[in-house]
Amino acid sequence: MNALTQGNMFTSVATREHILLTGATGFLGGSVAAQLMADGQGAGLCFLVRADTPHQGLERLRDNLRQHGVSERDCLALDAGQILCGDLLDTSWLARETPRLMQMDRVINCAAVASFSKNPTIWPVNVEGTFAFAEVLARSARLKRFLHVGTAMCCGPERESPISESWEFPEAEQQLVDYTASKAEIERRMREELPGLPLVVARPSIVVGHRSLGCQASGSIFWVFRMGFALESFTCGLDEQIDVIPVDYCAEALIGLARKPQLNHDLYHISAGHGSACTFAEIDRAFALANGAEPVGERYRKVGVDDLKSLANSFESRIGPANPRLVLRALRLYSGFADLNYLFDNSRLLEEGIAVPPRFTDYLEVCVRSSSEVSIAAQMQWDFK
Ligand SMILES: NC(=O)c1ccc[n+]([C@@H]2O[C@H](COP(=O)([O-])OP(=O)(O)OC[C@H]3O[C@@H](n4cnc5c(N)ncnc54)[C@H](OP(=O)(O)O)[C@@H]3O)[C@@H](O)[C@H]2O)c1
């Protein structure tokens, strides 16, 4: 039996810390779970999963972990006692599960509605539900760290790059989308209203693919690059840089920040930063090499966001069958972030001894290979679920 299947066993396993991971059925959380399991920490993990029963939750978790390369043996070693069923949209379960939450040493909070769309659950989940969850954990005498996963984009537009970590946020209406506004608001509320919470916030930049699995677990955002090169047009200049990291690097950094006994700060970017960001021209060349094609290079046209509409006639021939209205909406939304041209300073993270991030062009070929059977329109669905 696993140590987490009975509450009274926690105290008898003095050396093993108990880590509660949320969002493990998703992209970042799945990668964090996969790495903790590869490090032999599987038995000490507890997972907050949306499910009616622990068994159903376990099956949902296993399905995702397989996509993150976890072996069948390791998937089967997890048991239903490690699943805590709970939804951040309706937090009535918190009262029932408080005793169990009080037995956690560390929390890695990856759960959120991570969508640029107008989704009515963004604020209730990302702000209200997350706050209710953190409020319970703030009462724990045992909890050593609550590592909350934010987003570097919560700094808002019109900032001067490179961006350093800051607890100052723009007004919600200045944010590009509700999602970033919600992510800023929950950070502010936890920090100001929960002084008892051992809060550390990690803000990843743009997470795309995995160094060895490519887009197998998620095609999130990779489709934007495919679309831009297929259309030979987008709103960024080829000489501009973009701050992209792979999900397995992000997970490695999150685990480092969650487990390191002492940290120098309570807020970190997890980003490519100045040293590892790539220009679109470099990405174009790596993309072309991986596809056995010529780079777009001179044929590339930088267009304004209002000109994106003029590309709609060529959507079908260049990117395959797709709903033009949806493609246009997606291009507009993502161009808003790409145009910010932000690099996020990662010196705090590196000073903690976390490895230097890889460059997107180092593993882009793996992303191309793993996407070869997936149409651009189908891959886009990762971000419009
Ligand atoms: N991906 C990026 O590029 C990126 C960049 C910066 C920051 N982040 C941050 O990283 C975190 C994870 O993002 P992701 O890309 O991994 O997103 P994701 O793949 O959509 O995963 C989201 C996770 O949150 C869970 N979740 C959603 N609503 C929930 C609810 N009501 N109650 C409980 N759990 C809920 C999902 O569970 P279900 O499976 O049940 O839906 C899933 O496990 C988010 O906080 C996001 O802001 C992501």
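**Helix packing and a buried serine**

Guide: In this predicted model, helix 1 and helix 8 are roughly perpendicular to each other.

Visitor: Why are helix 1 and helix 8 called roughly perpendicular?
Guide: The angle at which helix 1 (residues 27–38) and helix 8 (residues 247–259) pack is about 65 degrees. Angles of 65 to 115 degrees count as roughly perpendicular, so the term applies to this pair. The axes are 8 Å apart, and the crossing of helix 1 past helix 8 is right-handed.

Visitor: Which residues make the contact?
Guide: Helix 1 contributes Phe27, Leu28, Ser31, Val32, Gln35 and Leu36. From helix 8 come Val247, Asp248, Cys250, Ala251, Glu252, Leu254, Ile255 and Arg259. Sorted by class, the contact has nine nonpolar, two polar and three charged residues.

Visitor: What makes Ser31 count as buried?
Guide: Buried means under 20% relative accessible area. Ser31, a residue of helix 1, has 2% relative accessibility, so it counts as buried.

Visitor: What is Ser31 in contact with, leaving aside its neighbours within four places in sequence?
Guide: The partners are His68, His210, Val247, Asp248 and Ala251.

Visitor: Where does UniProt place the feature "domain: Thioester reductase (TE)"?
Guide: The record, an unreviewed entry, puts this feature at residues 21–253. In the model, that span is 39% helix and 14% strand, and its end C-alpha atoms lie 15 Å apart.

Definitions and conventions
Residues are numbered from 1 along each chain as its sequence is written. This is a predicted model: local features need pLDDT of at least 70, side-chain atom pairs count only at pLDDT 80 or more; totals for chains, interfaces and linings use all residues. Side-chain values use heavy atoms; hydrogens and water are left out. Axes are lines fitted to C-alpha atoms, for helices over the stretch in contact, and angles run from 0 to 180 degrees between N-to-C directions. Helices (H or I, at least four residues) and strands (E, at least two) are DSSP runs, numbered from the N terminus. Angles under 35 degrees count as roughly parallel, over 145 as roughly antiparallel, 65 to 115 as roughly perpendicular and the rest as oblique. A crossing is left-handed if the near helix is turned anticlockwise from the far one by less than a right angle, and right-handed if clockwise. Contact means heavy atoms within 4.5 Å. Ala, Val, Leu, Ile, Met, Phe, Trp, Tyr, Cys and Pro count as nonpolar, Asp, Glu, Lys and Arg as charged, and the others, Gly among them, as polar. Buried means under 20% relative accessible area, exposed over 50%, partly exposed in between (1.4 Å probe, protein chains only). UniProt positions are given in the numbering used here, feature names are shortened, and annotations may be inferred rather than shown by experiment.
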